[in-house]
Amino acid sequence: MSARAFFFFIIIFSTSMASMAFEILIARLVSEFSYNYIVAQSLTLSIFILGMGIGSYFFNFLKNKSFTTLIKIELYLFFTAFVSIYAVYAFHLFVAKADWTHNTKLVLLLSVPQLFVFLTALLAGTEIPFFAELVNSRKSGSSFGLILALSYVGSFAASLVTVSWLLPNFGIFNTFNCVLILILLSCYLLCLQTGKSENIFLVLILGCSLLTGLNFYFAGRLQQIYLQNYYYGQFSDQFPTIDHTSSPYQEIDVVPDLFTYNRSKEYYLYIDQKLQYAGRNEIVYHESMVHGAINLNSGEPQKILILGGGEGLIARELLKYDSVHSIDLIELDRSIIDLATTNELFVKQNKNSLSDARVSVHIDDAYMWLKNTRDTYDAIFIDLPHPFSVELSRLYSFEFYSFVAKRLSPDGFMIFDYPLNHLADGQLKYYPETSTGLIYDTLSQAGFNSHFSFGPKESFIFATRKTQKPAFDEEKLFKRVSNMTLSNLTEIEEPKKSGTHFNSVFRPYFLTE
Amino acid sequence: MITSRRSAHLLLFLTGASNLIYELCLAQISSSFFGGTLYYYTLNIGIFILFMGIGSLIADKVEELHLTRFIILTELILFLIATTMPFYVVFSEKFLSHGLFHLLLWTTNMALGLLSGFELPLFNRIFKIHSSTGDILFFDYIGMFCGSLAFSFLILPRLGVFSTLWVAAFINGLVLIYFLVRRRFGSIWITGSMLLPAACVTLLGYGSSLLDFLRQYYVS
């Protein structure tokens, strides 16, 4: 292989890698902003592919098909990618502050960032036929298939490196910077291929490298500017630092409470910018779930399984019972466990529950753990996100509940967060009965003969396989929970069941507004 | 082989759409079984694309004389994998260890990626009389774009992931028939191949009973 061909292959590889990595990052941001992963991922991928298609077509109309044009395209690619990250974040802040409905915001957040994906793909798409043409005209012996192959291998490398290595180690801002470096590398190599000195391009590449260097240097500060503007409404050096973690699965923000931080160090936990709990209010949720469920059950459980709840707050409440012998806690994301065991705010809040000898933490998917384990439990506590998309509906599915039923002892119970309502446009909105009724249909189908719903503020469903009519023993409750929690421990009416449909992995239904 | 410009574009569009549906279905199946949607989507798409690349390289080695036979074989294998996948995924998940089941899904991903990768360079060679490389890429990409939109907004939410695979397999069945007819294969071949899309329609028609059976088997 000649040195020229070798350079050429590196250019194709790095350009493809950069454009695919850019697509992955924007898809990730759109997923985070919209909290609708499958739509965000496939929409971004489809716009990227559309852009590539139109780019290939657009190539037919290019008059000057020389290296100089290719360098110009690479430079346009750099500027588009460079501007995109600022524009997408700025647009998100603008939308977050706007007085629009939840649906309007969702549509805008899903669609507007696609403009940048489209532009990037348009430029990248022009390049593949360009390379094919240049290779043919130079008779290097390379074929269209080889060019496609290199382009695909570059895309694969992007998906592997971006998710598994770059994002967890460098965060999203610096991963964007790595994309910019790859584009600049292609530009530089193309300049070398022109065979004559193109000073203007070299100066431009130098300028772009300087911009990227500044981006690297200020990445941490830029991220704080964005996060503080998003969570606090403005940026100030006086505000506490927001702890941001990019894990392979999600973006995690630990946001200190501005008013109480200096005194009691309270905080909020956000996952993909969705509030998981507020330090000062979590007590109602976790006390209701743990003490409410144990109170409804006839006996205190000994062997317990927690699905989700990696922040250690359910475990904290459970460890208050002497009867508890062992707790298995299943969490998908190791970053959450790291926070719960090392971050001083979390350790203070969960009373270091995950370090208790009775608690065993397992890093695994809750669904797969349930399916594969042979252990049985007296109680299963399920603390997972609401099923408002296809991907989350599996955690409320017939299959999931069937596995739960199998892993429960005959007198055992399960309790989970009942998706009765949610916050939208700053107001509490209830899901329609047709959606919530499906949960009861699914539970019945999976063999849970009794269900009891409680909690007008923080809602839960308590379910057992044996037929019974549970009721709260208020005398015992007084000793266990705070007054705030007591008001939440009242029965709520069950929705109408459809009797015909139920949610399954094989035929998903999810919550609709 | 005589191929009109319009039908060439239509075939590129259809295969582009079915390839992307396979890609997303595999990502969805992995994330359904193992959790972590963002992680498995990115990784599955990456591996699928890598094997498309390897497929493109292999396709370059196919001799001019055997292009259509190769395409026919590719479409047939794609069809068979996609139609049987729901069954072998559910059954093997029962019997295989966690690691082996992972391996099976990755192998399926690689196989579908490889076969899908054959299509574009082969079509490029078959259709180059009618269309430029830019045109060929354009219709393939437009097909992928429509396939992706249809997957997330239309097919997956209504049919679930396994029936979505059968929709994509139906497309491969149609492409297969087109090439058999154009290549003037014998009537037995053509009639036989008609059974393939018919099988998909039957699978889709009886989808709910079949899925009930699979579901009960899966949780038993």
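A: Helices here are DSSP runs of H or I with at least four residues, strands are runs of E with at least two, and both are numbered from the N terminus. Before going on, note that this is a predicted model: local features need pLDDT of at least 70, side-chain atom pairs count only at pLDDT 80 or more, and totals for chains, interfaces and linings use all residues. Residues are numbered from 1 along each chain as its sequence is written, chains are lettered from A and ligands numbered from 1 in the order in which they are written, and side-chain values use heavy atoms, with hydrogens and water left out.

Q: Is A:T485 buried or exposed?
A: Buried means under 20% relative accessible area, exposed means over 50%, and partly exposed is in between (1.4 Å probe, protein chains only). A:T485 has a relative accessible area of 0%, so it counts as buried. Leaving aside neighbours within four places in sequence, A:T485 is in contact (heavy atoms within 4.5 Å) with A:I283, A:V284, A:E287 and A:S288.

Q: And A:K496, buried or exposed?
A: A:K496 is found in the segment after α19 of chain A, and its relative accessibility of 64% makes it exposed. Take A:N343 as a reference point: A:K496 is 153 residues from A:N343 in sequence and 44 Å from it in space, C-alpha to C-alpha.

Q: What does chain A look like overall, in helices and strands?
A: Chain A has 19 helices and 13 strands. Its C-alpha atoms fill a box of roughly 90 × 55 × 45 Å along the principal axes. Of the 513 residues in chain A, 62% are buried. Sequence separation of contacts is worth a look too: among contacts in chain A between residues at least 6 apart, 72% join residues at least 24 apart.

Q: Which residues touch the most other members of the largest nonpolar core?
A: The general idea is that nonpolar side chains tend to be buried together in soluble globular proteins. A nonpolar core here is a set of buried Ala, Val, Leu, Ile, Met, Phe, Trp, Tyr and Cys residues joined through side-chain atoms within 4.5 Å. The largest one has 200 residues, and A:F400, A:Y401, A:M414 and B:F179 touch the most other members. Helix α6(A) gives the most to this core, with 22 residues. Not counting residues up to four places away in sequence, A:Y401 touches several residues, including A:L395, A:M414, A:F416, A:I439 and A:F448. Another core, of 33 residues, lies apart from it, with A:A340, A:L354, A:F454 and A:F462 among its members.

Q: How do I read a helix pair, say α6(A) with α2(B)?
A: Start with axes, which are lines fitted to C-alpha atoms, for helices over the stretch in contact; angles run from 0 to 180 degrees between N-to-C directions. Angles under 35 degrees count as roughly parallel, over 145 as roughly antiparallel, 65 to 115 as roughly perpendicular and the rest as oblique. Helix α6 (residues 144-193) of chain A packs on helix α2 (residues 37-60) of chain B at about 160 degrees, with the axes 7 Å apart, so the two are roughly antiparallel. The contact has 16 nonpolar, 8 polar and 1 charged residues. For those classes, Ala, Val, Leu, Ile, Met, Phe, Trp, Tyr, Cys and Pro are nonpolar, Asp, Glu, Lys and Arg are charged, and the others, Gly among them, are polar.

Q: At what angle does α6(A) pack against α8(A)?
A: With helix α8 (residues 219-232) of chain A, α6(A) makes an angle of about 130 degrees, and the axes are 9 Å apart. That pair is therefore oblique. A:I172, A:F173, A:N174 and A:N177 of α6(A) meet A:A219, A:L222 and A:Q223 of α8(A).

Q: What about phi at A:Q273 and A:N352?
A: Most residues other than glycine have a negative phi. A:Q273, not a glycine, has a positive phi of about 60 degrees; it lies in the loop between β3 (267-271) and β4 (274-278) of chain A and is buried at 9% relative accessibility. A:N352 has a positive phi of about 55 degrees and is partly exposed at 35%.
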